2 protein chains.
Amino acid sequence: MTLPLALTMGEPAGIGGETALMAWLRRGDGLPRFYLLDDPDRLIRLADALGWAVPVRTIARPQQAVETFDAALPVMPIGRTTAAPARPVLADGALVLRSIERAVENVLAGNAAAVVTNPINKDVLYRAGFRHPGHTEFLGELAGLQEPPIMMLAGRDLRVVPVTVHLALRDAVAALSTRMIVHAGAVTAKALGRYFGIKAPVLAVAGLNPHAGENAGLGREDIDIVAPAIAELRGEGVDARGPLAADTMFHAAARRGYDAALCMYHDQALIPIKTLDFDGAVNVTLGLPFIRTSPDHGTAFDIAGKGIARPDSLMAALRLAADMAARRHPG
Amino acid sequence: MTLPLALTMGEPAGIGGETALMAWLRRGDGLPRFYLLDDPDRLIRLADALGWAVPVRTIARPQQAVETFDAALPVMPIGRTTAAPARPVLADGALVLRSIERAVENVLAGNAAAVVTNPINKDVLYRAGFRHPGHTEFLGELAGLQEPPIMMLAGRDLRVVPVTVHLALRDAVAALSTRMIVHAGAVTAKALGRYFGIKAPVLAVAGLNPHAGENAGLGREDIDIVAPAIAELRGEGVDARGPLAADTMFHAAARRGYDAALCMYHDQALIPIKTLDFDGAVNVTLGLPFIRTSPDHGTAFDIAGKGIARPDSLMAALRLAADMAARRHPG
């Protein structure tokens, strides 16, 4: 892979800047080359404040990142921010969005291998007119998608896909549909083949209810909604299995039997992966016409600017994006 | 501790018998002494069929178990069954119930240290007139409780308590109340002090919704139902903390901050503990006037009689029951 990865600024008052600086300091460990779409001056101020020896070099084109990276952190300037750690500036919304838009432009133009995004602060973005539930939906719109993209969390030995995501549990139960499960399963199976080198992916599909509903003794949704989705996926040639009891599908022996777990709601997916791999899990967006990963944490204002945020998840996101780009095949 | 543990038969077509035989064979590892309330002949047949050298000795009183245990598996006869592995007999319902009733009588009379129960087959019991959702509720009735007992799952380094248990997810959301959470929290805190030697237990209380509801952006229940329960528990002197985002409270560092996690529904509690400790987790019933534990698996008809069922969870249940009895203090 000769193309660099495009890393967005994210909320400049959060930990994105310092985890990027720390990742660059650890670039010796085979970290793929990346560049930031950010304000170079704020990164210089941040490195100074932390006492970290990170030379920042402004670049005009993504291609310059590859030759620059070993000696300095490459940054494509997108404007200026006055935000300080844990002190977001409401006017930064437009800047944060511009960073994402430029990264997508770069990757769609074939000048970046993938987009890696730092965490954003939705409150700030809403003031800038942002009207999406999150990053993922915004990227779907930038890519002109009709169907929403699918979120996957990938850890060392578990991949999970929540079919419903940011909904109250009550609303997730009400919203769940066969169509949503089929869409998520089809997108996941295709992405596992296309970007993860898995020729015949196996999907484990969790039941919604305890014990997968115990033959309707504990709710009908697993019979009425989940099972028909599995049948439909199998009809499309996807090796989907279930509905499985969610509590017994995530231990080590069970995990070896599938490539990704399709989960019905947020915590059913995120509890097992964050329990097993809190710092190393990566958020991957499937269904976009480009590769996008992101660290699986938020802006973490409570520790921003202290230099103690762990760069593990960002580094894992960069590595996974590069791996996906290297393994990508058309189809 | 000089009193033996009373182990119930459970469903005789399930794996309870063979895991008890295997546990006895491994008694060298400091396993506490126990006796079965069972049909001695069916255990002899089972040991013969498996080719396991387990001498079975009939006893008339629990006290005889202590002197018998090192040389033979002590069994108090409760009747005869013709069930074979994976072939339950509908008429066994009364026998299964009698085993549980006798065990409770023994422990309440001060002749056994604790009750450990093997898994039951509710279909068989319902034919015998059983009208309880499960074991736990039946034990509550035998003990004359007004409030339902509380189920705790205890693993190597995590204890979880589901506030709602065997309900469809939709019904669990609808049933959740401040009163239920307070009851579960108070019983749990008291039991941690009384049986686990934890003087000032800390309870981590999970939110119902993703991100614990994100300030009502993802559902109001965490503000309207969960938070008032935490306030009430704190008012009663229980160190309850939360509502916490369920996905970030079960990783190793987070687990070190509390003694038990109070969870709002079945899979929120059982996913993390079974992901971390599939074979070693033990089911503990809190709020009864005696100690009761059980292995955290079912009858497993699919592998019954094959001699491959792992006795780990039964052995963990026996050990934990003995530990709780040894640490028990009045109060």
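Helix α9(A) lies across β8 and β9 of chain A, running at about 165° to β9(A). Here contact means heavy atoms within 4.5 Å; axes are lines fitted to C-alpha atoms, for helices over the stretch in contact, and angles run from 0 to 180 degrees between N-to-C directions. Helices (H or I, at least four residues) and strands (E, at least two) are DSSP runs, numbered from the N terminus.

This is a predicted model, in which local features need pLDDT of at least 70 and side-chain atom pairs count only at pLDDT 80 or more, while totals for chains, interfaces and linings use all residues. Residues are numbered from 1 along each chain as its sequence is written, chains are lettered from A and ligands numbered from 1 in the order in which they are written, and side-chain values use heavy atoms, with hydrogens and water left out.

**Chain A.** An open sheet of 12 strands has mixed pairing and the order β3-β4-β2-β1-β5-β12-β11-β6-β7-β10-β8-β9. Its edge strands are β3 (56–58) and β9 of chain A, each of which pairs on one side only; two strands pair if DSSP finds at least two bridges between them. β3(A) runs parallel to strand β4 (residues 73–77) of chain A, and 3 bridges join them. Within that pairing, R57(A) stands opposite P74(A) in β4(A).

N215(A), in the loop between β8 (202–206) and α9 (221–235) of chain A, has a positive phi of about 50° although it is not a glycine. Most residues other than glycine have a negative phi, and most peptide bonds are trans. In strand β9 (residues 239–244) of chain A lies P243(A), which a cis peptide bond joins to G242(A), with omega about 0°.

**Chain B.** The 12 strands of chain B form an open sheet in the order β3-β4-β2-β1-β5-β12-β11-β6-β7-β10-β8-β9, with mixed pairing. β3 (56–58) and β9 (239–244) of chain B are the edge strands, pairing on one side only. Strands β6 (residues 150–154) and β11 (residues 282–286) of chain B are antiparallel and pair over 5 bridges; M151(B) has T285(B) in β11(B) as its bridge partner. Helix α8 (residues 178–195) of chain B lies across β6, β7 (159–162), β8 (202–206), β10 (260–263) and β11 of chain B, at about 165° to β10(B). A cis peptide bond, with omega about 0°, joins G242(B) and P243(B), and P243(B) lies in strand β9 of chain B.

**Salt bridges.** The structure holds 30 salt bridges over all chains (a side-chain nitrogen of Lys or Arg within 4 Å of a carboxyl oxygen of Asp or Glu).

E147(A), in the loop between α6 (135–142) and β6 (150–154) of chain A, and R179(A), in helix α8 (residues 178–195) of chain A, are 32 residues apart, and their pair links distant parts of the chain.

**Interface.** 31 residues of chain B are in contact with 31 residues of chain A. The two chains bury about 2900 Å² between them, 65% of it on carbon and sulfur atoms; this is the accessible area (1.4 Å probe) lost on putting the two parts together, summed over both. Between chain B and chain A the count is 4 salt bridges.
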